[in-house]
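I set out to record what I looked up in this structure, entry by entry.

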Amino acid sequence: MKKKEKTAVGNCEQCANFVYDEDYECYTCEVDLDEDEMAKFLSDSYKDCPYYQPGDEYLIVRKQM
């Protein structure tokens, strides 16, 4: 039996890693990509970002109920 890898779907604007950087005065991704991952990301060969985390701050609260 093969294990399926979980792939996250979503866009950057809804991701918890997408934060406002006051130094650059724009939104940036906080994930530290290595050189190969960055090349893959820039070439649009990522279908779904493997580092996507929902930015829904109420997600944890709903799980506790």
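Entry on burial. I looked up burial in this predicted model and found that buried residues make up 8% of the 65 residues in the protein chain.

Entry on contacts. Taking contacts between residues at least 6 apart in sequence, I found that 49% join residues at least 24 apart.

Entry on secondary structure. I recorded two helices and two strands, in the order β-β-α-α from the N terminus. Strands β1 (residues 18-21) and β2 (residues 26-29) run antiparallel and are joined by four bridges. I located Asp 21 opposite Cys 26 of β2. Four residues lie between the strands of this hairpin, and Glu 25 takes a positive phi near 55 degrees there.

Entry on aromatic rings. I asked how many aromatic pairs there are; the count comes to two. For Phe 18 and Tyr 27, the ring centres are 5.5 Å apart and the planes stand at 20 degrees; because stacking requires planes under 30 degrees apart, this pair is stacked. Tyr 20 and Tyr 27 form the edge-to-face pair, at 5.2 Å centre to centre with 70 degrees between the planes. I noted that these ring pairs link Phe 18, Tyr 20 and Tyr 27 into a cluster.

Tyr 27 has a relative accessible area of 51%; because exposed means over 50%, Tyr 27 counts as exposed.

Methods:
Residues numbered from 1 in each chain as written. Predicted model: local features only at pLDDT ≥ 70, side-chain atom pairs only at ≥ 80, totals over all residues. Heavy atoms only, no water. Buried < 20%, exposed > 50% of the residue type's maximum accessible area, 1.4 Å probe, protein only. Contact = heavy atoms within 4.5 Å. Pairing = 2+ DSSP bridges. Phe/Tyr/Trp six-rings, centres within 6.5 Å; stacked < 30°, edge-to-face > 60°.
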